[in-house]
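Please keep the sequence and the model in view throughout.

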Amino acid sequence: MSAPDPARPGTPAPPAVDVLPPTRPATPTSAGGDPAPPSPRDLLAALEAQEDLLGPPWVARTIPLGERTDGGEEPAAPDVATLVHHADAGGRERAVLYLSGFVDYFFQTDHAQGWVDAGYDFYALDLRRAGRSTNGHPRPDDVRDLRVHDEEIGLALDLIRGAGARQVVLLGHSTGGLQAVLWAADHPGSIDALVLNSPWLDLNRGWFERTVATAAVNRLGTWLPSLKVGTIGQAYGRYLHRATGGEWTYDLALKPHEGFPARAGFSRSVRRAHAEVARGLDVEVPVLLCCSTRSGDRRHPGPAELSSTDVVLDVAQMIERAPMIGPDVTIMEVPGGIHDLALSPGPAREYYTRGAIEWAGARLDEQDRATAR
């Protein structure tokens with residue numbers, strides 16, 4: 001099953017649709033009697049949802065953001081994030097919040113529908129400067145501190161909780177998985193379970209890049225944060241996309257085969273996050289780390305490797321670093337899985353979707369039983 005054809009950039013936005021009934025409590029006042037500024041939840045509740053580029057039933061909310069990751073020197077449009085969900089989302093007691101990877105955006109509707117069918121509301125967040133949230137920025141995916149994304153993740157969770165979700169699963173893929181791990185470690189109590197889809201927990205390179213080059217990027221990330229220091233190969237993207245023989249249809253303007261450059265400030269922040277994982281994070285909630293059973297050649301993968309292995313990251317690194325995330329980590333290896341397990345060939349994709357949902361349901365049920373005692 002492939003994702004629907006997305007609308008092309010520049011298509012006029014459809015009329016606004018009311019989604020997720022807003023809560024409008026009485027306006028509080030400050031100690032001096034002046035109206036207090038609205039809370040993030042109140043601001044989000046007032047945001048209008050518009051039809052998403054995926055088409056019905058998906059809608060999207062553009063979330064304005066205050067923090068800047070570049071010191072404000074860019075004259076580009078303000079940073080925004082985009083929350084995507086079904087038009088009827090809200091009211092279910094369990095929800096999922098999905099974070100995409102580098103050079104990526106949410107279009108994995110086949111996997112999302114599995115969660116919806118299991119009784120969850122599914123939300124996906126295109127983080128600032130990525131996917132739907134590029135907002136005209138000249139350097140997509142260029143952030144200089146991964147924790148700048150805490151703002152939009154927190155706002156999205158506010159909206160999801162405010163819409164009625166009692167238990168929330170945070171789901172992250174690749175760089176989104178690294179982002180999710182940092183969030184869970186920094187914000188105990190904000191989520192109830194963590195699912196990682198091929199998380200980027202270490203650099204899939206040789207000794208030189210992992211040591212000497214990392215030290216150099218640390219310096220460059222401070223002095224020349226926008227300097228290009230790497231790119232991704234095209235083989236994986238070309239394998240995925242229908243126009244080049246793959247199974248999936250997605251917008252190549254948002255997820256091009258050649259990717260966007262990895263810049264020094266971004267790379268510095270990623271490597272520092274990798275070092276944090278290596279030191280141990282002590283994430284309190286249960287964690288499910290999902291990955292392929294093996295990695296393929298990242299530089300020159302053949303057809304068999306592209307269709308059945310992770311040709312982007314090192315599976316052995318993920319498994320080695322899994323215990324460093326927290327005390328309660330389960331590893332699920334997916335036979336025949338590729339880097340984005342949700343885009344794997346049918347049997348592997350179904351194995352991953354079914355396993356993740358069953359694990360989450362069991363762990364959330366355990367929490368319910370413990371609370372009821």
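A residue is called buried when its relative accessible area is under 20%, exposed when it is over 50%, and partly exposed in between (1.4 Å probe, protein chains only). The model is predicted: local features need pLDDT of at least 70, side-chain atom pairs count only at pLDDT 80 or more, and totals for chains, interfaces and linings use all residues. Residues are numbered from 1 along each chain as its sequence is written, and side-chain values use heavy atoms, with hydrogens and water left out.

Of the 373 residues of the protein chain, 54% count as buried. The chain has 10 helices and 11 strands, where helices (H or I, at least four residues) and strands (E, at least two) are DSSP runs numbered from the N terminus.

Gln-167 lies in strand 6 (residues 167-173). With a relative accessible area of 3%, Gln-167 is buried. Its side chain makes a polar contact with the side chain of Arg-94 (2.7 Å); such a contact is a pair of N or O atoms within 3.5 Å, and within protein one must be able to donate a hydrogen and the other to accept it, while residues adjacent in sequence count only if both atoms are side-chain atoms.

Helix 4 (residues 175-186) and helix 7 (residues 264-279) have axes that come within 11 Å and cross at roughly 55 degrees. Axes are lines fitted to C-alpha atoms, for helices over the stretch in contact (heavy atoms within 4.5 Å), and angles run from 0 to 180 degrees between N-to-C directions. Helix 4 and helix 7 are therefore oblique to each other, since angles under 35 degrees count as roughly parallel, over 145 as roughly antiparallel, 65 to 115 as roughly perpendicular and the rest as oblique.
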